[in-house]
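Me: Let's go through this model, charged side chains to begin with. Structure first, please.

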Amino acid sequence: MNKQLLALFAGAFFAGNVQATSEDKFRQLEEILPTPNTYRTASGAPGHQYWQQQADYQIKASLDEKTHLLSAHAKVRYQNNSPDRLDYLWLQLDQNIYQQNSAAVLTEPGVAEEKVTYDDFRTITQSPIWHGGYQIKALTIGGKPAKYTVSGTMLRIDLPNGLASGDDVEFQIEWNYKITEQKVLGGRSGYEYFKEDNNYLYEIAQWFPRMAAYYDVYGWQNKQFLGDGEFTLEFGNYDVAITVPADHIVAATGELQNADDVLSDTEQQRLETAAKSDKPVLIVTEAEAIENEKAGTDERKTWQFKAKNVRDFAFASSRKFIWDAQRVKSGSRDVLAMSYYPKDGNPLWQQYSTQAVVHTIESYNKYSIEYPYPVAISVNGPVGGMEYPMISFNGARPEKDKKTGEKTYSRMTKYGLISVIIHEVGHNYYPMIINSDERQWTWMDEGLNTFVQYLAEQSWEEKYPSRRGEPRDIVDYMRSEHQVPIMTNSESVLQFGNNAYGKPATALNILRETIMGRELFDFAFKTYAERWKFKRPTPADFFRTMEDASAVDLDWFWRGWFYTTDPVDIALDKVTLVHIDSKNPETEKAWEQSQEAAQPESLSEKRNKSLPKRLDSQPELRDFYNEHAKFEVTNADRNEYQSSIAKLEDYEKALLSHDKLAYQLEFSNVGGLVMPIILELKFKDGTTEEVRIPAEIWRKNSKNVSKLLILDKELVAVELDPHWETADIDVNNNSWPRKVAHSKLELYKRKKGDNQMKDFNEKLKPAKDEKADKDVKTDEQP
């Protein structure tokens, strides 16, 4: 069938199908997005006058294992690259979230259900009585005390002379704070106590007053830290000296500067071997770590690290650490991938951790930027999963049988470990390098990172059990209540994991596979990463770049997926075999007769067949109409046909005599979120065909649309969204003819009521050995 024919048929059926709707799903986003300027362009790229601040740190820190006190002194140089004069500086005091009167503690809601875990209830009861937070000992500018004000989790330094554009200021600050027991108070850092060998493992983050971000869109990002909205920071260079017990091994952001002072000759040799190895090499073996656990020491060692162009610094310290490392290539750079873990993490950690770090860098480099730092670290400790430049904290471990000591792990634990390492190491890209404002928009780092995590997981092994990314896995959330749009401030997000991780990751996967295609998407997504590495993008910069680099108008997609909570639910309402009127009375009256004959006999007609008919007893009542059927063709019909045909052009005659089959499909947008219409057509001869209709079919009517298909073969079935690629929340209205839905019914015995008499007469069992019970609790400090 030629294009003219198809266009004619489609036009005829769409002519009466365009209706005005109250909502334009394809309305452009320019009414919402900020106006482009010389800092951020309409293309989504940084403008020619883009600027950002810089903060360089020299820090000396000391960790006291007996008191769990961290004491430190920092010299901070702050460079004002903005066009503005600054009269004060803001710093983040994140540890103040653990103060008794912090907004985070005071606004913690009550338990939502009638039961709560012991661990959660311990955290609930301990948080209000813990004396935490920073103790600021001194703050000086130019050797003189500086005026400062603490406001919750923020500290303001009032500059005596202001800070002009292009100038810098140096200040010094001294502080300490008590490190929290992570398994008691939770959070993103803290220590873990191992009762069986009386040792500690420290994961230290948010440990120093960090410069808040000042940038063109929001000015000072000084929103209070309430626990969900993470961190918005400036890039800078770090020189950090960490003093710890002499038998500790320290992992940290940056490169170790004084290996001769803190590592043995054997450890240094192994580290040199690892730097050239394509397989993990043990720097500290399990046997050496176990030996190191046995006796503490009063001696101290200082580990010196330097890191260039990073936005944060974190470290871990313990005498329990096993340490392995290997090389991974990132472009022309050699990166040292490393893992630190206690014996409690084996056999899982030695087998999978460093391999997962390597796999993350190799995978992310394909879809983002080349990893630019010299090291990438995974540490096992109390924190379940948290990210910092060059270092991440990951918590999964095998289970140890209390009687036999045998270690085993579940499928969930294995893949949970691999996934959390990919995710947390992947955060080096988003937001540690592509430096979005986490305090404002969680999805910009968590959502994008979860998406690339999904891509990395799928190249780990066949049918990897990814938790997020597949459209079918977000359906339950999409149909749930109590949602907010993705474009919601981090501290106000509901269903945090689904909203900030799962939904944006799924949206990007759909964008890649269904909307744009892999080639266009991958180029645009990589362009975004290259444009904004070591800079601070906003949502508008991401949205605009994805369109700019692909020539695909995605405003409808961003609006639907990111600015609303509408779900996808497109229904296939009706399929009609359309008969094209040939004008030929012989053909058309025969068709009309067949349509009438196909109608079911009415109940009255069926029952009235046995009734006596007057016409049978009075044949003289018969006339012309009793002798000729109503669909009989007359000469007048034939003459009219010949006359009308003579007036037609040849192409018009061809249209009336075509031998194709025309099917009209009608759809309704039940959910509200417009999406492409993907169809699988099944034909009578057993063959199938896939038809993919862009989302723009909804642009004139976002409620109901129809599509005319001109086919060569008889259609027997149609399946809408056959691959479950659009996150449609109701697949039961996706097929013609309708399919039978399947569910499961569970049978159970009714429980008997309580029998207090029986319970009262039950013999008392001997009490268990209290000491044995206490020995089970290996994660608590005595």
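**Salt bridges, sheet and surface**

Me: Which residue does aspartate 197 form a salt bridge with?
Reply: Aspartate 197 pairs with lysine 343, and the closest N and O atoms are 3.1 Å apart. A salt bridge here is a side-chain nitrogen of Lys or Arg within 4 Å of a carboxyl oxygen of Asp or Glu.

Me: Where do aspartate 197 and lysine 343 lie?
Reply: Aspartate 197 is in the loop between S9 and S10, and lysine 343 is in the loop between S21 and H8, so the contact ties together parts 146 residues apart in sequence. Helices (H or I, at least four residues) and strands (E, at least two) are DSSP runs, numbered from the N terminus.

Me: What should I know about the model itself?
Reply: It is a predicted model: local features need pLDDT of at least 70, side-chain atom pairs count only at pLDDT 80 or more, and totals for chains, interfaces and linings use all residues. Residues are numbered from 1 along each chain as its sequence is written, and side-chain values use heavy atoms, leaving out hydrogens and water.

Me: Back to lysine 343. What does glutamate 196 do with it?
Reply: Glutamate 196 also forms a salt bridge with lysine 343, with 3.7 Å between the closest N and O atoms. Glutamate 196 sits in the loop between strand S9 (190-194) and strand S10 (199-204), and lysine 343 in the loop between strand S21 (333-341) and helix H8 (348-367), so this pair links parts 147 residues apart in sequence.

Me: Is lysine 343 buried or exposed?
Reply: Lysine 343 counts as buried because its relative accessibility is 15%. Buried means under 20% relative accessible area, exposed over 50%, and partly exposed in between (1.4 Å probe, protein chains only). Aspartate 197 is buried too, at 17%, whereas glutamate 196, at 45%, is partly exposed.

Me: Which residues are linked in that network of salt bridges?
Reply: The network links Glu196, Asp197, Glu293, Lys320, Lys343, Asp344 and Lys400.

Me: How many salt bridges does the whole structure have?
Reply: The search finds 50. One of the others joins the side chains of arginine 439 and aspartate 94, at 3.9 Å from N to O. Arginine 439 lies in the loop between helix H9 (411-426) and helix H10 (443-458), and aspartate 94 in the loop between strand S3 (86-92) and H2, so parts 345 residues apart in sequence are tied together. Both arginine 439 and aspartate 94 are buried.

Me: How many bridges hold S29 and S30?
Reply: Strand S29 (residues 677-683) pairs with S30 over six bridges; two strands pair if DSSP finds at least two bridges between them. Leucine 679 stands opposite valine 691 in S30.

Me: Last one. Where is valine 111?
Reply: Valine 111 is in the loop between helix H2 (103-106) and helix H3 (118-126). Its relative accessibility is 47%, so valine 111 counts as partly exposed.
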